[in-house]
Amino acid sequence: MQLVLEKRTERSNTIALVSPLIAIGFTIVTMGILFAILGKNPLAALGVYFIDPLTDPYSLQEIAVKATPLVMIAIGLSFCYLANVWNIGAEGQFLIGAVAGSWLAVKTQGTDVGYWVLPAMLLLGAAAGALYALIPALCRVRFGASEILTSLMLVYVADLFLDYLVRGPWRDPKGFNFPTTAEFDPVATVPVLIEGSRLHLGSIIALIVVAAAAILLGRTIKGFEIRVVGAAPRAARFGGFNADRLILLTFAVSGALAGLAGIIEVAGPIGHLQPGISPGYGFTAIIVAFLGRLNPIGILIAGLFLALTFIGGEQAQIAMKIPLDVTKVFQGILLFYVLACDSMITYRFRLIFPSRKVSSGAA
Amino acid sequence: MPDSTLGDPHSGAAPLLQTIGLTKRYGDFLANDSIDIDIWPQQIHALLGENGAGKSTLVKAIYGLIQPTAGEMRWEGGKIVLSGPSQARALGIGMVFQHFSLFDNLTVGENVALGLDGKESLKDVSLRLAQVSSNYGLPLDPRREVWQLSVGERQRIEIVRALMQNPKFLILDEPTAVLTPQEADQLFIVLERLKSEGRAILYISHKLEEVKRLCDIATILRGGKKVATCNPREETAASLARMMVGSNIREVKAPAGRQTTIPRLVVNDLSLEPDDPHGVRLQHISLELKGGEILGVAGVAGNGQDELFAALSGERLAQDPGTIVIDGIAAGQLSITQRRQLGAAFVPEERLGHGTAPRMRLSENALLTGHAASGMVRRGFINIAATLLTVDRATASFDVRKAKRDPEAASLSGGNLQKFIVGREILRNPGVLVVSQPTWGVDAGAAAVIRQALLDLAAAGAAVLVTSQDLDELAEIADRIAVMFHGRLSAPLATADASREKLGLLMGGSSLGHKEGAHAAGA
């Protein structure tokens, strides 16, 4: 008896829908084993991780707040990944967007110049993210440099640049030497949706991005272009689509969305620029994009789920003394299972019983 | 005509190689369904069948490349199970593939040394190679690099490499597909010689005249099953074709009322450097194609046909706008989309990955070439109903068989996908159609449908340029035939005047006394 992996004649739509759920199932089982090894009761730990946050209104809000940047970044990344180019540097584009938008907030600090400040900050954040993403894209198109490496390396450049600014020129003079800017003025702050909560306008922007992406990918020729360049480059060229231009475009759009998410995060829940504004949103968004099947609606759901793991991880740390890094382990295992389960969309397992006899069905 | 020294092969104890109930299953698909075949020494055994009939699967199993799902093989009477090609070679089975496995940047000697299992030094291999090749009249210089060689010479390397292992049984997979008629004749002499030395040969082909001339026995496969074993010399080409296809093939007829009007596609002295270092440079190509006319471009593969297609379609731009003129408009610098808007349509050789995106639906593949000029896109939004309508119309007009309304391109058989692609382009009513290898790897029924569609399109006033390696196909549909060789295009010959001998000489690089680049008037 032999187990073989064989290609399906056509993609299985059922598996395409079910595969993320299977992956989550495998991940939860693996996590349970991991908790048991750590000496915790697996069921209790999983309950704290996945159930408790859903029963508490504050945690629910917090999930939406955390999901906002994840979803926005992942939507942009899905454009790149569908076009078969690999932007791994969304974290850097997120940081640069935050820095560029914060520049205006810092410069207009205390001047009370008017309500245009926040929209201008958002625009600056998106533009800076796009420009920063165009660096690896141009290197790829012009010199054939691997965008995977260049975009990843630029993450660290952005990180250190932000660090320099908040420790140096932009440091709050009244901040007791903490590496942070002053709190942004109200006109430079993303408004909250409900008074007294942390749920802010950015979540609405994220929903608009999801809807726009769904229409773009499913209904427009540009969306078709993105998909066909990724799926069959030679056929795309035959169709009259220019792959180089599309690399630049998808990188610019994903950079813009990451940059926008960055400035919204800083001008929203955080309220000032400081190091560590991202718990790795740009990297977690890669998992969100794949868990969401590179589909906008899927990404929305996946973003909420990954946000849950952040919140659950924090609560597990408080309640059960489980290290916060377990969240990252969880996310890594999840991506691993998602990619493994995805191969079932185009392949399937088959058990072979070798028999040397002539098959009786032969006629 | 058995040789006396070996006696009647059928009176011997056991065949050299025998398969009994050999079956190979891929998923739900039976590629080989219980096939029995006997190979005797000193016979050239033809394996006939359409594309997809299971020929390649069968020989791969015999050569140990794939393991059969069921059934057994016997070598000189004893049961064998092959775990890989090296085991097959050790028994004395050699194979020459249709697609060569040669490294372009290595020399002939190095390529052969790489393919041998032994531990001979490169010098010894080169020496033996020179001996074997001169012995069989297959001249080869071991020191030349492969990329400099013609396709015929590359095939020679593969044959000599197989012969150096002194096989008792040699398998050749469509060896003449890439040869000029004259080169094919030389190959037949070598094969006769191998036969007279007592070796067995399994000869895969779908060229029936060739099989009748060369082979002693023929096994015919259809849909994975063996349908007949016969003596091809006692059959007619038509009766062999009937066994291969299972029915009579529809004859293609040129409709009446074909008119030659104004030139619709003109190429003026087109020269283009290749974008890949081993590509072919197009040199001074000129042609003029009128409405209602079909021009055939013959030639051995790799003589610039792909480069010509890329230049005509606009996948690569010409240096000068005036070198390509579509319906009176200089198009040399226009993109493929702009050329489509001028009413041109293109069908490339590769169906999957070039003509279509394999994992996308037919409606999306209709959009792939239709987005420029057929109302499928409005203000950037896709009209999905219009793309589905194209699928339905192509399905109805060209008899595209598929499991559901809008499947993925890759799930269609080669013939049905090709009918869809040709249909997709013809439904746009193109004024100029450039089509490359329209019936390559397509079953006979689909090929007839496609050829008829090309004739009908020309009759409706379009200019059609067909590149093909199948001379019979060109003779059937083209008004004039030109030949590509080393990136140059010969002056076209009227089809009635284009004998196989003349075309063969042109395919081999002779000029027939014509001046190169000369224009001939329309037929």
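1. In this predicted model, B:Val227 touches B:Ile220, B:Leu221, B:Arg222 and B:Met243, leaving aside residues up to four places away in sequence. B:Val227 belongs to strand 10 of chain B, which covers residues 225–230.

2. Although B:Val227 and B:Gly49 stand 178 residues apart along the chain, their C-alpha atoms are separated by 9.7 Å.

3. Turning to the interface, 24 residues of chain A are in contact with 34 residues of chain B. On the side of chain A that touches chain B, helix 8 (221–231) and helix 9 (233–238) of chain A each supply at least two residues. Helix 8 of chain A provides the largest share, five residues. By class, this side of chain A comprises nine nonpolar, six polar and nine charged residues.

4. As to confidence, the predictor assigns the complex an ipTM of 0.82 and a pTM of 0.79. Chain B has an average pLDDT of 85, and 93% of the residues score at least 70.

5. Two stretches of chain B call for caution. Residues 1–9 of chain B have a pLDDT below 50, and this stretch has 12 contacts in the model beyond near neighbours in sequence. Residues 514–523 of chain B also have a pLDDT below 50, with 18 contacts in the model beyond near neighbours in sequence.

Note on methods: Residues are numbered from 1 along each chain as its sequence is written. Chains are lettered from A and ligands numbered from 1 in the order in which they are written. This is a predicted model: local features need pLDDT of at least 70, side-chain atom pairs count only at pLDDT 80 or more; totals for chains, interfaces and linings use all residues. Two residues are in contact if their C-beta atoms, placed from the backbone, lie within 7 Å. Helices (H or I, at least four residues) and strands (E, at least two) are DSSP runs, numbered from the N terminus. Ala, Val, Leu, Ile, Met, Phe, Trp, Tyr, Cys and Pro count as nonpolar, Asp, Glu, Lys and Arg as charged, and the others, Gly among them, as polar. pLDDT is the predictor's confidence in each residue, from 0 to 100.
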